[in-house]
Amino acid sequence: MESLYHIYRRRGYTRRDFLKSVLLLSAVLGFPPTSFGQAVKALELKPKPVVIWLEFQDCAGCTESFIRSTSILPSDVLLDYISLEYHETLMSPSGFYAEEAKREAIEKYKGKYILIVEGSVSPRNKGVYCTVSGKSNVELLKEAAQNAGLVIAVGSCASWGGIPHAEPNPTGAVPVSQILGDRQVVNIPGCPPISDVMVAVIAGFVITGKPPELDSMGRPKTFYGQTIHDRCYRRPFYNAGKLAGSFDDESARKGYCLYKLGCKGPITRNACATIRWNGGLSFPIQSGHPCFGCSEPNFWDRGFIYSPLSVVEGGFGWKGILAGVATGVALGAASAAINKKFREK
């Protein structure tokens, strides 16, 4: 099986192009300069990683993000770099042939393949809410994770349960780690996660042969060690007390901090402000929209997106929303009854 270097040469890239990508990858992963030679050697000689990618309760947004990574590896190299043995969205086979390809890959690359899981897992009612080829998502996950060299949960759904886990959570959605118990899972949360972070974690495993250093919640410290607020270019405005009051006022046009407009950057750990999106072009706050904390657990139940943190932390949960809806329905019914009486007169 080819290495990354051989793929570069086959695609017509020079060795200089290869070294530039390795240098960028090393920088993104936070490797010290002294380890650059090790990274080059590993990506020159080691075969490309074998990946089995499972999708459960998801929207495929993490996949869409992943295939658009262009900052570290050229777009025409990315999918060639990994040996993607199974992925329901991207693979050509379907049905029996797809499942057979997965079974063969699990057996052939036992203990070596990377298992990537996208979407939350539903164990409720024996997993009936999410099945593939007659098997529940719980059974499929345990089967694939048993002999994996590394398990990665991509996206907030796989990492924390995500939107399917939001109240009232009808399918009993849970994160991958809850099903696998003591098995180490690398969580790469985000809705979706940053594409370059996913690529870097995979490449880092190829280089070092081990998972990245993780925090207490299973996230790579390199990418989730600081809050977005810590590295945000609008932070000086926050420190100076210059906060935008609305999306269309003069303070917003001047680029003031979006805290009062609901920005969750102060409590959200992610690399959006440093790595950014779309080839490092921008991120939500740079485009004028507050962060709504999509990489944090239970972000969907924290409250309304545009509520300031001081209000959200007080609680605008599902019960509050239901109460508001119930009140609205009651008022609507009362209004309809009054209007009916007037019409009858």
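Reader: How many helices and strands does the chain have?

Author: The chain has 17 helices and 7 strands, where helices (H or I, at least four residues) and strands (E, at least two) are DSSP runs numbered from the N terminus. This is a predicted model, in which local features need pLDDT of at least 70 and side-chain atom pairs count only at pLDDT 80 or more, while totals for chains, interfaces and linings use all residues. Residues are numbered from 1 along each chain as its sequence is written, and side-chain values use heavy atoms, with hydrogens and water left out.

Reader: What is the mean pLDDT of the chain, and where does pLDDT stay under 50?

Author: pLDDT is the predictor's confidence in each residue, from 0 to 100. Its mean for the chain is 89, and 90% of the residues reach 70 or more. Over residues 312-345 pLDDT stays under 50, and for this stretch the model has 19 contacts beyond four places in sequence, contact meaning heavy atoms within 4.5 Å.

Reader: At what angle do the axes of α2 and α3 cross?

Author: Axes are lines fitted to C-alpha atoms, for helices over the stretch in contact, and angles run from 0 to 180 degrees between N-to-C directions. The axes of α2 (residues 15-29) and α3 (residues 36-45) come within 10 Å and cross at roughly 120°. That makes α2 oblique to α3, since angles under 35 degrees count as roughly parallel, over 145 as roughly antiparallel, 65 to 115 as roughly perpendicular and the rest as oblique. In this contact R15, F18, L19, V22, L23, L25 and S26 of α2 meet F36, A39, V40, L43 and E44 of α3. These residues divide into 9 nonpolar, 1 polar and 2 charged (Ala, Val, Leu, Ile, Met, Phe, Trp, Tyr, Cys and Pro count as nonpolar, Asp, Glu, Lys and Arg as charged, and the others, Gly among them, as polar).

Reader: Which residues make the contact of α2 with α11?

Author: Helix α11 (residues 195-208) packs with α2 at an angle of about 100°, the axes being 10 Å apart, and the two are therefore roughly perpendicular to each other. L25, V28 and L29 of α2 make the contact with A200, V201, A203, G204 and I207 of α11, a set of 7 nonpolar, 1 polar and no charged residues.

Reader: Does G155 count as buried or exposed?

Author: Buried means under 20% relative accessible area, exposed over 50%, and partly exposed in between (1.4 Å probe, protein chains only). G155, in helix α8 (residues 155-160), counts as buried because its relative accessibility is 0%. Leaving aside residues up to four places away in sequence, G155 touches C62, I188, P189, G190 and P193.
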